[in-house]
Amino acid sequence: MATVLLMSTSELRYGDDLFDGVPGPSVTLRRWPEVGDASEIDYLLIWGAPQAALSTFPNLKAVFSLGAGVDHLGDLSAWPDTLPIIRFVDPSLTDEMTGWVVLNVLRFHRQDPAYRAQQADKIWQAHLVPPASAVRVGIAGAGVLGLAAAEALAGLGYDVAVWSRTGRALDGLQSFTGPGVGAGARAGALDDFLARTDMLVSLLPLTEETRGIWNEERFARLPRGAFVLNAGRGKTLVEADLLAALESGQVAGAALDVFESEPLAETHPFWSHPKVIVSPHMASLTHPKALAARVAENIGRLERGVPVEGLVDRTRGY
Ligand code: NDP
Ligand code: OXD
């Protein structure tokens with residue numbers, strides 16, 4: 001019997017029946033702040049909970065993130081080295097993110113914002129668009145989510161390239177590797193990637209390297225009139241720089257699911273910006289039963305001493 005403590009500052013989505021009917025080891029769920037005897041807690045299932053509370057669990061075996069990202073855990077190096085940190089990796093999350101990316105690439109390519117504006121004015125007018133093969137999509141972050149989105153877009157005929165730290169790629173896709181990082185890295189690769197990108201899709205995790213990476217300098221490297229889509233993390237993008245690039249026409253439109261500060265303030269200019277599509281950090285949501293199945297499976301693996309899926313590398317920060 002494993003005891004899991006759910007620690008989350010924001011989620012009401014996970015009921016007391018979270019692990020009911022889930023195959024694998026039997027799990028007892030407790031909900032923070034009703035911890036009971038802290039020495040009985042084996043695993044934390046956590047999203048944005050206060051780090052100070054963590055020191056109180058002497059027998060912890062692992063920490064599970066409620067999502068794919070782990071930036072909400074703060075400085076990973078502050079966590080005990082021996083404590084595995086495991087993120088959520090699951091086809092349900094991957095497929096939903098692929099849907100958000102495809103939806104928004106198609107939206108811009110097929111001029112949906114213009115048609116919505118025309119509909120408001122009852123204007124019947126069609127616009128020719130270039131074929132998908134002439135639209136160069138650049139996916140920043142070629143991980144679980146980035147590669148799946150790349151594959152889906154390539155399947156629709158888009159000219160897709162990916163950019164990552166170490167240069168993983170799918171067969172047949174152009175791959176660019178982070179500047180000065182990793183074996184075989186090529187300085188200027190990010191600039192080359194941006195120069196060939198009409199639609200930039202960021203699925204990067206937030207780390208010290210990626211914080212503020214999408215800024216004035218990087219927007220200027222894109223072809224004039226490019227689109228920017230961000231569903232990675234809000235703090236990878238400098239919002240004031242994006243607003244300026246939209247104003248100047250350097251960036252033609254943006255679809256944003258994540259923001260420097262969430263929820264997005266009512267007074268934020270993105271809400272009513274004609275070139276910006278806002279979604280409330282929903283590009284891919286964690287589905288409770290899928291999460292419970294993954295967590296139970298990984299608890300089983302930990303208890304059998306076999307490698308888990310989604311183990312975070314705390315020196316990389318993701
Ligand atoms: P992965 O860890 O599988 O992939 C991360 C990718 O980013 C890897 O390709 C990695 O490179 C690349 N990367 C990391 N740092 C750098 C860098 N400095 N320079 C270039 N590339 C870099 O993560 P996932 O694909 O599973 O998830 C990505 C992120 O998506 C999450 O961290 C989270 O922030 C966000 N997310 C957002 C959701 C939403 O609803 N908006 C839902 C789920 C996730 P390499 O391959 O070389 O390691
Ligand atoms: C995640 C998220 O990291 O929802 O899973 O942002």
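## Cavity

A cavity is a set of grid points where a 1.4 Å probe fits but cannot get out. By this rule, the predicted model has one cavity of 30 Å³ or more. The volume of the largest cavity is about 50 Å³.

Its lining consists of Phe 64, Ser 65, Ile 86, Arg 87, Phe 88, Val 89, Leu 291, Arg 294, Val 295, Asn 298 and Glu 309. Six of these lining residues are nonpolar, two are polar and three are charged. Helix H7 contributes the most to the lining of the largest cavity, with four residues; strand S4 (62-65) and H7 each provide at least two.

## Second largest pocket

The second largest pocket holds about 490 Å³ of space. It is lined by 22 residues, and those closest to its centre are Phe 259, Ser 261, Glu 262, Pro 263 and His 281. By class, this lining has 10 nonpolar, five polar and seven charged residues.

## Helix H3

Helix H3 covers residues 144-155, 12 residues in total. After H3 comes Gly 157, with a positive phi near 100°.

The buried residues of H3 are Leu 145, Gly 146, Leu 147, Ala 148, Ala 149, Ala 150 and Leu 153. They pack against helix H1 (91-109), strand S6 (136-140) and strand S7 (159-164).

## Asp 42

Asp 42 sits in the loop between strand S2 (27-31) and strand S3 (43-47). Its relative accessible area is 11%, so Asp 42 counts as buried, the cut-off being under 20%.

The side chain of Asp 42 comes to 2.7 Å from the backbone nitrogen of Thr 3. With neighbours within four places in sequence set aside, Asp 42 contacts Met 1, Ala 2, Thr 3, Asn 59, Leu 60, Lys 61 and Ala 62.

## Ala 283

Ala 283 belongs to the loop between strand S12 (276-278) and helix H7 (288-304). This residue is also buried, because its relative accessibility is 4%, against a cut-off of under 20%.

Residues up to four places away in sequence aside, Ala 283 touches Glu 96, Met 97, Trp 100, Ala 231 and Asp 257. Of these contacts, Trp 100 is 183 residues from Ala 283 in sequence, while their C-alpha atoms are 5.4 Å apart in space.

How values were computed: Residues are numbered from 1 along each chain as its sequence is written. Chains are lettered from A and ligands numbered from 1 in the order in which they are written. This is a predicted model: local features need pLDDT of at least 70, side-chain atom pairs count only at pLDDT 80 or more; totals for chains, interfaces and linings use all residues. Side-chain values use heavy atoms; hydrogens and water are left out. Buried means under 20% relative accessible area, exposed over 50%, partly exposed in between (1.4 Å probe, protein chains only). Contact means heavy atoms within 4.5 Å. A polar contact is a pair of N or O atoms within 3.5 Å; within protein, one must be able to donate a hydrogen and the other to accept it, and residues adjacent in sequence count only if both atoms are side-chain atoms. The expected span of a helix is 1.5 Å times one less than its number of residues. On a 1 Å grid over the protein atoms alone, a cavity is a set of points where a 1.4 Å probe fits but cannot get out, and a pocket is an open set with protein on both sides within 12 Å along at least five of seven lines; lining residues have an atom within 4 Å of a point. Grid points are joined across faces, edges and corners, and a volume is the space filled by probe spheres set on the points. Ala, Val, Leu, Ile, Met, Phe, Trp, Tyr, Cys and Pro count as nonpolar, Asp, Glu, Lys and Arg as charged, and the others, Gly among them, as polar.
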